[in-house]
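Dear colleague,

I am handing over the structure below, and after it I set out what was found. Please read the notes with the model open beside them.

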Amino acid sequence: MKFKEFAKILEELEDTAGRLEMTDILGSLLKKLDIEDVEVGVYLMMGGIAPRFLKIQFNLADKMVLRAVAEVVGKKLEDVTREYKKVGDLGEVVKDYKLKNKKGNDKDLSLVEVHKDLVKIAEDGGLGSQDRKVSNLASLLGGLDPVGAKFVVRIVLDKLRLGFSTKTVLDALSMIEVGDKSL
């Protein structure tokens, strides 16, 4: 599955209030995923890149992500910071900037490719790793459509805010398998 399509479904989930409707949307999303996309798709929809017990973190503070966003949208860090303080969601900020400055350089990356890039960012360590992380994040964001960039920023900041839990995903899987939540 292309990350662009995945991100649009995440945005649909974000606009959904009812848990039953969320379960249906998640079930529909899970059915659409190719077998090689299921594992990474579930991690990403839960706001991470691996199971939580592995405690893999990006170790990127808001200021560093702000630097990456400023780089990719071609704005001064101060301007992006000001907009972030006004809006309160850096994902929305990057989406809005990318919508205004459509350059057509989206790479139409797959779910697996985005996950692989995020893992590379998270696992980078050692001398100079913070600058490499910012640079690699900016590169990834530059290749994504506005909605995809919004969700990648939120995943990196651990602020996905979709309003469902692991239980909802399990309910969706059960609905796919047996038509109810019994599993």
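Lys 55 counts as exposed because its relative accessibility is 66%, where exposed stands for over 50% relative accessible area, buried for under 20% and partly exposed for what lies in between, with a 1.4 Å probe and protein chains only. Before going further, please note that this is a predicted model, in which local features need pLDDT of at least 70 and side-chain atom pairs count only at pLDDT 80 or more, while totals for chains, interfaces and linings use all residues. Residues are numbered from 1 along each chain as its sequence is written, and side-chain values use heavy atoms, with hydrogens and water left out.

To return to Lys 55, this residue sits in the loop between helix 3 (35-45) and helix 4 (62-73), and its phi is positive, at about 55 degrees, although it is not a glycine. Asn 59 is found in the loop between helix 3 and helix 4, and it too is a residue other than glycine with a positive phi, near 55 degrees. As background, most residues other than glycine have a negative phi. In the loop between helix 4 and helix 5 one finds Lys 76, which counts as exposed because its relative accessibility is 57%. Lys 76 and Leu 66 are separated by 10 residues in sequence and by 10.0 Å in space, C-alpha to C-alpha.

As for the chain as a whole, it has 10 helices and zero strands, both being DSSP runs numbered from the N terminus (H or I and at least four residues for helices, E and at least two for strands). Read from the N terminus, the order of elements is α-α-α-α-α-α-α-α-α-α. The radius of gyration of the chain is 16 Å, which agrees with the value near 16 Å that a compact globule of 183 residues would have; this radius is taken over C-alpha atoms, and the globule rule is 2.2 Å times the number of residues to the power 0.38. Along the principal axes, the C-alpha atoms fill a box of roughly 50 × 35 × 25 Å. Of the 183 residues, 49% are buried. Among contacts with a separation of 6 or more, 70% are between residues 24 or more positions apart, contact meaning heavy atoms within 4.5 Å.

Helix 4 and helix 8 (residues 129-142) pack at about 45 degrees with their axes 8 Å apart, the axes being lines fitted to C-alpha atoms, for helices over the stretch in contact, and the angles running from 0 to 180 degrees between N-to-C directions. Helix 4 and helix 8 are therefore oblique to each other, given that angles under 35 degrees count as roughly parallel, over 145 as roughly antiparallel, 65 to 115 as roughly perpendicular and the rest as oblique. Their crossing is right-handed, a term used if the near helix is turned clockwise from the far one by less than a right angle, with left-handed for anticlockwise. On the helix 4 side the meeting residues include Met 64, Val 65 and Val 72, and on the helix 8 side they include Val 134, Leu 137 and Leu 141. By class, this contact has nine nonpolar, two polar and three charged residues, with Ala, Val, Leu, Ile, Met, Phe, Trp, Tyr, Cys and Pro counted as nonpolar, Asp, Glu, Lys and Arg as charged, and the others, Gly among them, as polar.

Helix 5 (residues 77-87) and helix 6 (residues 90-100) pack at about 125 degrees, with 9 Å between their axes, and that makes helix 5 oblique to helix 6. The contact is made by Asp 79, Val 80, Glu 83, Tyr 84 and Val 87 of helix 5 together with Leu 90, Glu 92, Val 93 and Tyr 97 of helix 6, and it divides into six nonpolar, no polar and three charged residues. The crossing of helix 5 and helix 6 is right-handed.

Thr 23, in helix 2 (residues 19-32), counts as buried because its relative accessibility is 3%, and, leaving aside residues up to four places away in sequence, it touches Thr 168, Asp 171, Ala 172 and Met 175. His 115 lies in helix 7 and counts as buried at 12% relative accessibility; beyond its neighbours within four places in sequence, His 115 is in contact with Val 40, Tyr 43, Leu 44 and Ile 49. Ala 122 is found in helix 7 (residues 111-123) and counts as buried at 10%, with Ile 49, Ile 56, Gln 57, Phe 58 and Lys 133 as the residues it touches, not counting those up to four places away in sequence.
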